[in-house]
Amino acid sequence: MKRFLFLVLAGLLPAVTVLHADYTDHWPAAAEQARAPAWPQVYSGNPSTCSKPDENPFYAYQDAAGLSEDTAYTIDAHIDLNLDGMCEIIAFRSTDCDDTGCRYTAFRITDKNKVLNIGTVDFGEYLTPVHGWLQMRTKSRDGEHYRFHLYRYVQGKYRIIRSDHYRYNATTKNTTYVKTVQD
């Protein structure tokens, strides 16, 4: 019986490995990433060392908007996006999640306890600030398509202002730069 199980498992291991290979990540190498335009420098500080705001205005904001338990935001993190020493709230809704992850929204609570939705953000690297607000470099993947995104605070909201596109070729086993799209 042990020998039978060994033979079955030994036979399945290569099949499982091959199946797994189809689902692995193939992010571009540094040399291929260098074909895209240069990125801003990485921020050297720690934007998580900030004072957490009073969250009561945030919950009141959701109540006033009529958000139910199913559509309400859940606080995930506190990050100082504008480097003023006071954290912004990073939150998600279960309705904004799927098998690839969740979309996050950043909220700023003003000194008058007004809650401002300052846009969709994602976790990644924090980059040098522009006009006092940190930029973010994130990545996404969809099948053979790989992308790096640059989020920047523009006109009161975070937006993706640039995406570097790459494509994986299973024949050559390389992920190559395709183009950069700027907003």
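**Core, cavity and pocket**

By class, seven nonpolar residues, no polar residues and one charged residue line the largest cavity. This is a predicted model. The cavity has a volume of about 40 Å³, and the structure holds one cavity of 30 Å³ or more.

**Cavity**
- The residues lining the largest cavity are I79, L81, I90, V121, D122, F123, Y126 and M136.
- Rolling a probe the size of a water molecule over the atoms shows where empty space is left.

**Nonpolar cores**
- The largest nonpolar core has 16 residues, and those touching the most other members are L81, I90, I118, V121, M136 and Y158.
- At least two residues of this core come from each of β1 (74–79), β2 (88–92), β5 (104–109), β6 (115–121), β8 (133–142) and β9 (145–154).
- β8 supplies the largest share of this core, three residues.
- With neighbours within four places in sequence left aside, I118 is in contact with L81, E88, A106, F107, R108, W133, Y153, G156, K157 and Y158.
- Another core, of ten residues, lies apart from the largest one and includes Y146, L150, Y168 and Y177.

- The largest pocket holds about 490 Å³ of space.
- Its lining is made of 18 residues, of which T100, D122, K139, S140 and R141 are the closest to the centre of the pocket.
- Two or more lining residues come from each of β4 (101–102), β6, β8 and β9.
- β8 gives the largest share of the pocket lining, five residues.
- By class, the pocket lining has three nonpolar, seven polar and eight charged residues.

How values were computed. Residues are numbered from 1 along each chain as its sequence is written. This is a predicted model: local features need pLDDT of at least 70, side-chain atom pairs count only at pLDDT 80 or more; totals for chains, interfaces and linings use all residues. Side-chain values use heavy atoms; hydrogens and water are left out. A nonpolar core is a set of buried Ala, Val, Leu, Ile, Met, Phe, Trp, Tyr and Cys residues joined through side-chain atoms within 4.5 Å. Buried means under 20% relative accessible area, exposed over 50%, partly exposed in between (1.4 Å probe, protein chains only). Helices (H or I, at least four residues) and strands (E, at least two) are DSSP runs, numbered from the N terminus. Contact means heavy atoms within 4.5 Å. On a 1 Å grid over the protein atoms alone, a cavity is a set of points where a 1.4 Å probe fits but cannot get out, and a pocket is an open set with protein on both sides within 12 Å along at least five of seven lines; lining residues have an atom within 4 Å of a point. Grid points are joined across faces, edges and corners, and a volume is the space filled by probe spheres set on the points. Ala, Val, Leu, Ile, Met, Phe, Trp, Tyr, Cys and Pro count as nonpolar, Asp, Glu, Lys and Arg as charged, and the others, Gly among them, as polar.
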